[in-house]
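Please keep the sequence and the 3D view at hand while reading.

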Amino acid sequence: MTILEICDMLKKELLNNGYEYGFVVNGKKYRPDMSNGFDNEYYQYSLTIYRVQDPHVTMKEKIGTCVDAVLVMKRILDIHGIFSKIWLLYNKEKNKVHTVLTFEAESKVVYLELTPQSGKAWYGKELVYEDEQMFLQELEKQNYEVSDVTDSIRIGQQPKFLLEKLRG
């Protein structure tokens with residue numbers, strides 16, 4: 001498959017199906033309310049009751065965090081035999097974390113941001129790099145500490161790899 005075919009397949013699932021940012025616990029959906037700025041209540045829920053969702057749940061409920069969105073992407077890519085990795089981006093200055101996914105196609109590394117309602121300028125646009133090192137260098141220039149967390153994510157558990165960064 002070409003880069004564009006893969007991106008179209010991922011976009012079809014995550015952009016065209018009305019996914020929302022948030023998570024589900026025991027059938028109840030939790031969404032941040034950003035109308036008054038930062039939603040501290042949602043943030044506290046995300047630190048305490050949130051558990052990494054099974055991709056099937058995320059796809060059924062159409063709601064997920066960045067972790068859940070990349071797991072949906074990874075599941076789709078795995079079905080098609082496309083190699084991918086999940087990365088934790090940590091901005092120490094702002095104490096912010098984000099997970100993203102890269103995949104390999106056409107001898108390139110591709111980053112496609114599809115976290116629901118992302119405010120990133122490159123949301124829904126594929127960023128293509130010559131290799132993984134170029135991807136990592138670009139993020140490091142943007143003051144991110146980057147680590148491969150592909151094997152650290154456990155469905156049904158808290159995202160410890162992410163929480164440890166936030167808590168210092």
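A polar contact is a pair of N or O atoms within 3.5 Å; within protein, one must be able to donate a hydrogen and the other to accept it, and residues adjacent in sequence count only if both atoms are side-chain atoms. The model is predicted: local features need pLDDT of at least 70, side-chain atom pairs count only at pLDDT 80 or more, and totals for chains, interfaces and linings use all residues. Residues are numbered from 1 along each chain as its sequence is written, and side-chain values use heavy atoms, with hydrogens and water left out.

**Asn91**

Asn91 belongs to strand β5; strands (E, at least two residues) and helices (H or I, at least four) are DSSP runs, numbered from the N terminus. Asn91 counts as buried because its relative accessibility is 8%, where buried means under 20% relative accessible area (1.4 Å probe, protein chains only).

| Backbone nitrogen | Distance from the Asn91 side chain |
|---|---|
| Glu93 | 3.1 Å |
| Lys94 | 3.0 Å |

Not counting residues up to four places away in sequence, Asn91 also touches Lys96, Gln142, Asn143 and Tyr144, contact being heavy atoms within 4.5 Å.

**The sheet**

Five antiparallel strands form an open sheet in the order β8-β7-β6-β5-β9. Its edge strands, β8 (126-129) and β9 (145-148), each pair on one side only; pairing requires at least two bridges found by DSSP. Between β6 and β7 there are four bridges. Helix α5 (residues 132-141) packs on the sheet and touches β5, β6, β7, β8 and β9. The direction of α5 makes about 20 degrees with that of β5; axes are lines fitted to C-alpha atoms, for helices over the stretch in contact, and angles run from 0 to 180 degrees between N-to-C directions.

**Helix α6 and the cores**

Helix α6 (residues 160-167) has Phe161, Leu162, Leu163 and Leu166 as its buried residues. These pack against α2 (40-48), α4 (66-79), β5 (84-91) and β6 (96-105). Just after α6, Gly168 has a positive phi of about 75 degrees.

A nonpolar core is a set of buried Ala, Val, Leu, Ile, Met, Phe, Trp, Tyr and Cys residues joined through side-chain atoms within 4.5 Å. The largest has 39 residues, of which Ile6, Leu10, Val67, Leu77, Phe103 and Ile153 touch the most other members. Helix α4 gives the most to this core, with nine residues. Apart from this core lies another, of ten residues, among them Leu89, Val100, Phe135 and Leu136.

Note on methods
Buried means under 20% relative accessible area, exposed over 50%, partly exposed in between (1.4 Å probe, protein chains only).
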